[in-house]
Amino acid sequence: MLPTKGYAASAAKSPLEPFVFERREVGPHDVLIAITHCGICHSDIHQARDEWGGALFPMVPGHEIVGTVTQVGPAVRRFRVGDTAGVGCFVDSCRTCGACREGLEQYCEAGMVLTYNGHDKNGQITQGGYSTQTVVDENYVLRIPQTLSPAGTAPLLCAGITTYSPLRHWGVGKYHKLAVVGLGGLGHMAVKLARAFGAEVTVLSTSERKRKDAERLGASAFVVTSDPQTFAKLQRRFDYILDTVSAPHDYNAYVNLLKTDGTMILVGVPDKPAPLEPFPLILHRRRIAGSVIGGIRETLEMLDFCAEHRIESDVEVIPIQQVNEAYERILKGDVRFRFVIDLASLK
Ligand code: NAP
Ligand code: ZN
Ligand code: ZN
């Protein structure tokens with residue numbers, strides 16, 4: 001076994017603290033990655049605080065992982081020692097169901113093996129990227145294009161693919177008006193990607209202080225949702241709405257902003273269900289849909305797209321000792337737009 005240093009939550013109400021645990025030995029198909037950077041996703045907070053239920057403790061969060069390959073198993077074909085590699089939200093799946101065979105491992109019928117807060121095929125609890133190293137089957141490891149910076153790329157592995165996948169699935173692009181609700185980690189990637197796809201993007205935000213950032217990221221309009229007059233003018237304006245909000249909020253107010261046949265795509269996962277009014281959906285044949293991350297093939301496609309279009313996440317790099325403070329700042333919306341942990345601080 002490989003002794004590994006990390007930061008873990010020992011219970012839902014505990015702050016993250018130093019924690020030593022064991023990774024499995026490098027198997028024939030495995031890659032050992034020395035982690036250099038790991039993004040902090042709001043899902044890490046939801047899970048470390050058991051807001052979605054069923055959390056497994058102690059928990060080392062982190063599913064936006066970038067590092068350097070330091071060892072490969074004898075059967076590994078795609079990676080060599082020294083390569084820059086990434087790991088996103090899952091590290092295995094059944095590999096045989098229809099979804100897996102289509103490259104949609106995130107919809108695996110047996111359930112994907114989450115990077116942390118899950119069980120691997122041997123029944124061991126998986127642990128994430130707030131740690132010095134990880135061992136992952138090469139089929140679930142991502143090659144990182146050379147031109148992308150490791151810190152700016154780590155958030156692409158969740159925030160990037162979670163917004164890229166639905167925008168691609170629904171073909172959001174030229175001639176479409178898209179509203180992005182919530183300008184956080186996911187929201188800022190959605191603005192950058194949708195602009196690169198040619199869509200006209202409006203940001204709907206609770207924070208007036210993000211107006212300038214939204215424009216810089218490529219949004220053509222910015223509306224503060226607490227301003228009822230401006231909000232009212234947006235009725236039937238959008239073809240698509242991408243909702244990235246992490247806290248309970250009223251979906252119905254946004255549905256009314258869709259054109260006839262418009263689609264509201266939920267990616268944010270508040271911890272409580274919300275009531276839905278049928279009339280705003282029925283009267284304009286509108287849809288509400290959802291989407292979770294993306295498969296390995298699509299994540300590689302997204303990384304190539306980002307390399308080609310020079311798209312990275314806007315990050316604030318922190319030492320791991322500041323992780324609890326970073327969680328509090330995320331909850332206050334005080335981050336532009338993703339914290340990334342520099343794992344050199346844990347060595
Ligand atoms: P984040 O950086 O905290 O951004 C969330 C944004 O939501 C905030 O910046 C804020 O934007 C807005 N917001 C927060 N509280 C709000 C409230 N009460 N009412 C309205 N808006 C509010 O979080 P993130 O990392 O982007 O993650 C967002 C959500 O997506 C989380 O629930 C996360 O678990 C989920 N997620 C889902 C997937 C998936 O595959 N579907 C993947 C990753 C994450 P403004 O300041 O602009 O209002
Ligand atoms: Zn995430
Ligand atoms: Zn499967």
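**Ligands and backbone**

Analyst: Of the 28 residues around ligand 1, those that come nearest are Ser205, Thr206, Ser207, Lys210 and Arg338; around here means a heavy atom within 4 Å. This is a predicted model: local features need pLDDT of at least 70, side-chain atom pairs need 80 or more, and totals for chains, interfaces and linings use all residues. Residues are numbered from 1 along each chain as written, chains are lettered from A and ligands numbered from 1 in written order, and side-chain values use heavy atoms, without hydrogens and water.

User: Which residues make up the shell around ligand 1: how many nonpolar, polar and charged?
Analyst: Twelve are nonpolar, 14 polar and two charged. Here Ala, Val, Leu, Ile, Met, Phe, Trp, Tyr, Cys and Pro count as nonpolar, Asp, Glu, Lys and Arg as charged, and the others, Gly among them, as polar.

User: Which helices each supply at least two residues of that shell?
Analyst: Helix H1 (42–48) and helix H5 (185–196) do. H1 gives the largest share, three residues. Helices are DSSP runs of H or I with at least four residues, strands are runs of E with at least two, and both are numbered from the N terminus.

User: How much of ligand 1 does the protein bury?
Analyst: Taken alone, ligand 1 exposes 920 Å², and the protein buries 88% of that. Those areas use the Shrake-Rupley method with a 1.4 Å probe.

User: New topic. Which protein donors does the zinc ion have?
Analyst: Cys41 (SG), His63 (NE2) and Cys158 (SG), lying 2.0 to 2.3 Å from the zinc ion (ligand 2). Donors are N, O and S atoms within 2.8 Å of the metal (3.2 Å for Na, K and Ca); water is not among the atoms, so sites may look incomplete.

User: Where do His63 and Cys158 lie?
Analyst: His63 is in the loop between H1 and strand S4 (65–72), and Cys158 is in the loop between helix H3 (150–153) and helix H4 (159–169), so the pair ties together parts 95 residues apart in sequence.

User: Which peptide bonds are cis?
Analyst: Phe57 to Pro58 is cis, with omega near -5 degrees. Arg336 to Phe337 is cis too, with omega about -15 degrees.
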